[in-house]
Amino acid sequence: MKIRFLLFSLFLTCFGVSAAAQTNAPAPYGPVPSERQLRWHETEVFALIHYGLNTYTDREWGYGDEDPALFNPSRLDAGQVVAALKRGGMRGVILVAKHHDGFCLWPTRTTEHNISRSPWRGGKGDLVREYADAAKKHGLCFGVYCSPWDRNSAAYGTPAYLPIYHGQLRELLTRYGTLFEVWFDGANGGDGYYGGAREKRNIDRFTYYDWPTTWGLVRQLQPEACIFGDVGPDCRWVGNEKGFAAEESWATFTPKGKTDPTRPANGDTMNHIEGPAGHRNGTAWIPAECDVPLRKGWFWHPNEDATVRTPAQLMEIYFNSVGKGGCMNLGVAPDRDGLVCAADIRSLDEFGGLLKTLFANDLARGARVTADQVRAAPTAASGGGIAPFAPARVLDGDRYSYWATDDGVTNATLTLTLQSVSEFNVIRLRENIKLGHRVDAFEIDVWQEGEWRGYAKGQSIGACRLFRGPKVKSDRIRLRITQAAACPCISEVSLFVMPAALKFSSTEAPARAYPAH
Ligand code: FUL
């Protein structure tokens, strides 16, 4: 039987019948994610570490004239920080290796303004190395942020700066193992020390950093890394620092600059208004990265413990970032000891615990799943196990296996009958994003008191769409796709119950002040 199938496949291949035709898989619709973007989506929650001279000068943006001697933490422990992130549910960590003040946290050959000029570890320290090692040890992926703007460099604003910047990137991209993301910040040009000139230097965002070459370095040296920038190219800034994507957010986006929308993919600042939602039918797959600091600012400052976001607020951010098909990037700021302090740890611990509890038990598991239309699967492929495109594919825990309808069928209903009546208030949907954003409108109904009642509705699904609502008890739920650009390919329908300790909205969340450490 197997041999006959193999011969049949060989025959089809020889006669130019594509693999998709053999498997009857739907053709992708619109832009689709690259492999590196798929890995990024799966990472979902990660942290952005801001720590350096600003931590000691009480600033958010160092001017560039800070004395490296200020950097001398006695208890610094990257392992303590990364372990706290892990308990907080983070799967990755991005270290700000150089912020706008130009102070490099690794012993670079490109500038004297670096960690080897500080007394820390006798001038022999390498903080990027310590974070990369800690991330590896704890199983988190690692990334770097190296600010293009450099308020210390005398060369900034002249052509002589670019080789320096590229040299810094080269070091970061070659010394610290595989990176999952490289961050290019949008803040560029202005006042600075600039080697003592103390003046304002503006640059042309389109041309100054020679983005094709700069991004090319990342592609060449770290092919698995996603490049973050205001307008991509791999993930876009969500357009605010609250960590919120739009109610309907699309991973598709047409990269265009604010100052010159006719020049795409140029490293320009984005039009903030377009970041949260992206563009349905945008020209590229550039999902939203939703960054937000855990505290008031990106760097640690004294007397700000009361500003640490509560677990309930973090959960709300999660629902509005990961739950809208993007990623959540949480800014964590070690204190002057180089450690995450008690207030932050409490919030991270609770948030991580809540995430674990919330997703531990998928109440849809074991349900009977039916659909009013199911895509035909080749009989040879369907022998044994669940057939491709079968409704039950939404329960197999695989983001890329899916229920699909025949081409041209863009209205369809999927019904789940649970093993028993269950109480839930969170619903998670996923599309198989390898085939693009296909669904344009859908509704979810819950069977209650002998009738279907509307529970939620939306437009975009993508990598993940989360809904939370009132608690309902039922043994039946259905997903109605009411509009789609191509036959729907739904890879997951899950039901959960939010842990009782957690309130939903930030208005309900207590503005909790944690004790200082
Ligand atoms: C901004 C920067 O200017 C902030 O200092 C911080 O690094 C944040 C993540 O991005 O654009």
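Strands S2 and S3 (residues 141-146) pair in the parallel sense over six bridges, where two strands count as paired if DSSP finds at least two bridges between them. Helices (H or I, at least four residues) and strands (E, at least two) are DSSP runs numbered from the N terminus.

All of this comes from a predicted model, in which local features need pLDDT of at least 70 and side-chain atom pairs count only at pLDDT 80 or more, while totals for chains, interfaces and linings use all residues. Residues are numbered from 1 along each chain as its sequence is written, and side-chain values use heavy atoms, with hydrogens and water left out.

S2 itself (residues 92-98) is mostly covered, with seven of its seven residues buried; buried here means under 20% relative accessible area, exposed over 50%, and partly exposed in between (1.4 Å probe, protein chains only). S2 also runs parallel to strand S1 (residues 45-49), joined to it by four bridges, and Ala47 has Val93 as its bridge partner in S2. These strands belong to a closed barrel of eight, ordered S1-S2-S3-S4-S7-S8-S11-S12, with parallel pairing. From one strand to the next, the twist averages 25°.

Helix H9 (residues 311-321) touches S1, S11 and strand S12 (327-332), and its direction makes about 145° with that of S12. Helix H7 (residues 161-175) lies across S2, S3 and strand S4 (181-183), running at about 170° to S3. For these angles, axes are lines fitted to C-alpha atoms, for helices over the stretch in contact, and the angles run from 0 to 180 degrees between N-to-C directions.

Thr108 sits in the loop between S2 and H6 and counts as buried, at 8% relative accessibility. Leaving aside residues up to four places away in sequence, Thr108 touches Asn114, Gln168 and Glu171, a contact being heavy atoms within 4.5 Å. The side chains of Thr108 and Glu171 are joined by a polar contact of 2.6 Å. Such a contact is a pair of N or O atoms within 3.5 Å; within protein, one must be able to donate a hydrogen and the other to accept it, and residues adjacent in sequence count only if both atoms are side-chain atoms.

Leu53, found in helix H4 (residues 53-57), is buried as well, with a relative accessible area of 1%. Beyond four places in sequence, the residues touched by Leu53 include Pro68, Leu70, Phe71 and Phe103.

As for the ligand, the residues surrounding it include Leu48, His50, Tyr145, Trp183 and Glu241, each with a heavy atom within 4 Å of it. An oxygen atom of the ligand is 2.8 Å from a side-chain N or O atom of His99. For His100 the corresponding distance from a ligand oxygen atom to a side-chain N or O atom is 2.9 Å, and for Trp61 it is 3.1 Å.
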